[in-house]
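The entries follow in the order in which I looked things up.

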Amino acid sequence: MVQTTFLNLPVEKQMKVRRALLAEFSQHPLAKAQVARIVKAAEIARGAFYTYFSDLTDAYQYLMETTLQEIHVSLPTDAPIVAPTQYIETIRQFFTQATNLDYLNLFQMHYRFNEGVLGAKPSELVQADYGPARWAIMTLYHQTIQDCILDPEHLEARLGQLQEILEKSQIGGV
């Protein structure tokens with residue numbers, strides 16, 4: 001877990017460290033990541049890194065958590081249920097914006113190398129209205145996104161496949 005010493009840093013310095021983490025973990029699997037490259041890019045002392053994070057895994061988990069939060073903030077919250085076409089378009093836009101290239105590389109590293117090292121977690125149980133349908137939709141969306149990250153050449157085919165099943169099953173209109 002990220003240390004309070006990191007959270008108490010000025011936002012600009014936190015962002016500099018976060019950019020260094022993103023660069024490192026977008027280019028190297030966790031097993032080959034190096035604190036030396038991170039501290040050089042962030043322009044911090046090696047000892048400072050360990051006052052911010054317990055180890056590389058802690059830094060990686062912090063980066064993944066904050067990245068996922070940032071990405072999910074831009075998504076329409078009810079769109080997977082009430083407007084799957086809008087949600088699919090949001091996914092398409094994410095993949096086509098050049099500013100997301102580092103995120104895509106980060107997630108490719110995660111799915112190809114790091115997820116197996118860190119272990120997988122089960123999906124959340126959905127207790128809200130339409131719980132089972134909401135779970136099914138979210139599972140389909142996340143698997144499609146993972147497939148698009150790992151196989152970007154077939155982005156349109158995969159998004160089309162998702163849209164087709166949602167329309168045929170009318171899952172998106174529960």
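**Entry 1: α7 against α10**

I first listed the contacts (heavy atoms within 4.5 Å) and found that Pro-84, Thr-85, Ile-88, Ile-91, Arg-92 and Phe-95 in α7 meet Leu-155, Glu-156, Leu-159, Leu-162, Gln-163 and Leu-166 in α10. By class, this contact has 8 nonpolar, 2 polar and 2 charged residues. I used these classes: Ala, Val, Leu, Ile, Met, Phe, Trp, Tyr, Cys and Pro count as nonpolar, Asp, Glu, Lys and Arg as charged, and the others, Gly among them, as polar.

I noted that the model is predicted, so that local features need pLDDT of at least 70 and side-chain atom pairs pLDDT 80 or more, while totals for chains, interfaces and linings use all residues. Residues are numbered from 1 along each chain as its sequence is written, and side-chain values use heavy atoms, with hydrogens and water left out.

I then looked up the geometry: the axes of α7 (residues 84-96) and α10 (residues 155-169) come within 10 Å and cross at roughly 170°. Axes are lines fitted to C-alpha atoms, for helices over the stretch in contact, and angles run from 0 to 180 degrees between N-to-C directions. The two helices are therefore roughly antiparallel; angles under 35 degrees count as roughly parallel, over 145 as roughly antiparallel, 65 to 115 as roughly perpendicular and the rest as oblique. The crossing of α7 and α10 is right-handed, meaning that the near helix is turned clockwise from the far one by less than a right angle, with anticlockwise giving left-handed.

**Entry 2: the chain**

I counted 10 helices and 0 strands, taken as DSSP runs numbered from the N terminus (H or I, at least four residues, for helices; E, at least two, for strands). The C-alpha atoms fill a box of roughly 55 × 35 × 30 Å along the principal axes.

**Entry 3: α7 against α9**

How do α7 and α9 cross, and at what angle? Their axes come within 12 Å and cross at roughly 25°, which makes α7 roughly parallel to α9. I recorded this crossing as right-handed. Pro-84, Tyr-87, Ile-88, Ile-91 and Phe-95 in α7 meet Met-138, Tyr-141, Ile-145, Cys-148 and Ile-149 in α9. The contact has 10 nonpolar residues, with no polar and no charged ones.

**Entry 4: α5 against α8**

I found α5 and α8 packed at an angle of about 130°, with their axes 12 Å apart; α5 is therefore oblique to α8. The crossing is left-handed. Residues of α5 in this contact include Tyr-60, Met-64 and Leu-68, and those of α8 include Phe-107 and His-110. The classes are 9 nonpolar, 5 polar and 1 charged.

**Entry 5: the largest pocket**

I looked up its volume, about 1800 Å³. A pocket here is an open set of points on a 1 Å grid over the protein atoms alone where a 1.4 Å probe fits, with protein on both sides within 12 Å along at least five of seven lines; lining residues have an atom within 4 Å of a point. The volume is the space filled by probe spheres set on the points, which are joined across faces, edges and corners.

Of the 45 lining residues, Leu-68, His-72, Phe-107, Tyr-111 and His-142 lie nearest the centre. α5 gives the largest share of the lining, 11 residues. I noted the lining as 24 nonpolar, 15 polar and 6 charged residues.
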